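Colleague: Hi! Could you walk me through this one?

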Amino acid sequence: MRIAVTGSIATDHLMTFPGRFADQLVADQLHTVSLSFLVDRLDVRRGGVGANIAFGMGQLGTSPILVGAAGSDFDEYRAWLDRHGVDTASVRISETEHTARFVCTTDADHNQIGSFYTGAMSEARLIELKTVADRVGGLDLVLIGADDPEAMLRHTEECRTRSIPFAADFSQQIARMSGDEVRILLDGATYLFSNEYEKGLIETKTGWSDGEILARVGHRVTTLGARGVRVERSGREPLEVGVPDETAKVDPTGVGDAFRAGFLSGLAWGVTLERAAQIGCMLATLVIETVGTQEYQLRRAHFMERFTKAYGDDAAMEVKEHLV
């Protein structure tokens, strides 16, 4: 099963300031702020929802096709993804812009000052999915993840025109989208992904009820945090899957992306929806135990040991034959 993952490709530059921002602000001079903070630490991490999801699928051996836009500074990141089983040949490289990045400084009270540079991501709207499909011999599913909003709309319309099944996953971009855009992006999706808060926001923005949305999509997949995930289909009883026990909650960043990677890999393997959701929850657990969205290691024996403990021998037997 050939799955293309469209979405942002970015790097995060995360810095730590040992003091408090509040101590550096003068109340009657806020209209003319000019500050520089000497930081103690810099972490540069690979990120972007498209790249995060593709990385997780690559770790599971399902050879995802990453579709997005990056800058000429993408070479090292590309090599990393290639080494971890991601097809990056359909990433557009901008001739003028750098890869998108988030630059953030956090103080001792966990307050943050950050900036997001869109950069090359804005060129994702120039990518045609037909070119991608022709290169790989056709596409069975396209995940349309958070990206340049125009790119998301174009990819959705192209999937409809070319009868390519697609999964809608607005993620961070839902906050800036209008109700009309959300309706366009989800209507006819084979899968609609969101977390519980985004689920309510989707219903508010579209003006559609849960039932009306279910009538317009094949499956509605809602992550529930520590309670796991719920998969709904119109006219069917909801399917709910819990999460494995965690060794620690280290960093929640990228957990949703990891779930999607596991779920989509399960679809690629042809296992049941329940198994796909369980694979997603297991991968998400590995990520929450690790700092960084692509810093976890997937060791087959360790993965299967924990998967078996969480979901039982029968579930493990179905998954084990696919995991490489």
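Modeller: Happy to! Helices (H or I, at least four residues) and strands (E, at least two) are DSSP runs, numbered from the N terminus. This is a predicted model, where local features need pLDDT of at least 70, side-chain atom pairs count only at pLDDT 80 or more, and totals for chains, interfaces and linings use all residues. Residues are numbered from 1 along each chain as its sequence is written, and side-chain values use heavy atoms, leaving out hydrogens and water.

Colleague: What is Gly254 in contact with, leaving aside neighbours within four places in sequence?

Modeller: Val287 and Thr293, contact being heavy atoms within 4.5 Å. Ile288 is 34 residues from Gly254 in sequence, yet their C-alpha atoms are 7.9 Å apart.

Colleague: New topic: which strands make up the open sheet?

Modeller: There are 4, in the order β3-β2-β7-β8, with mixed pairing; two strands pair if DSSP finds at least two bridges between them. β3 (41-47) and β8 (112-117) are at the edges with a single partner strand each, so one side of each has no neighbour in the sheet.

Colleague: How many bridges join β7 and β8?

Modeller: β7 (residues 100-106) pairs with β8 over 6 bridges, in the antiparallel sense. Opposite Ile113 in β8 you'll find Thr105.
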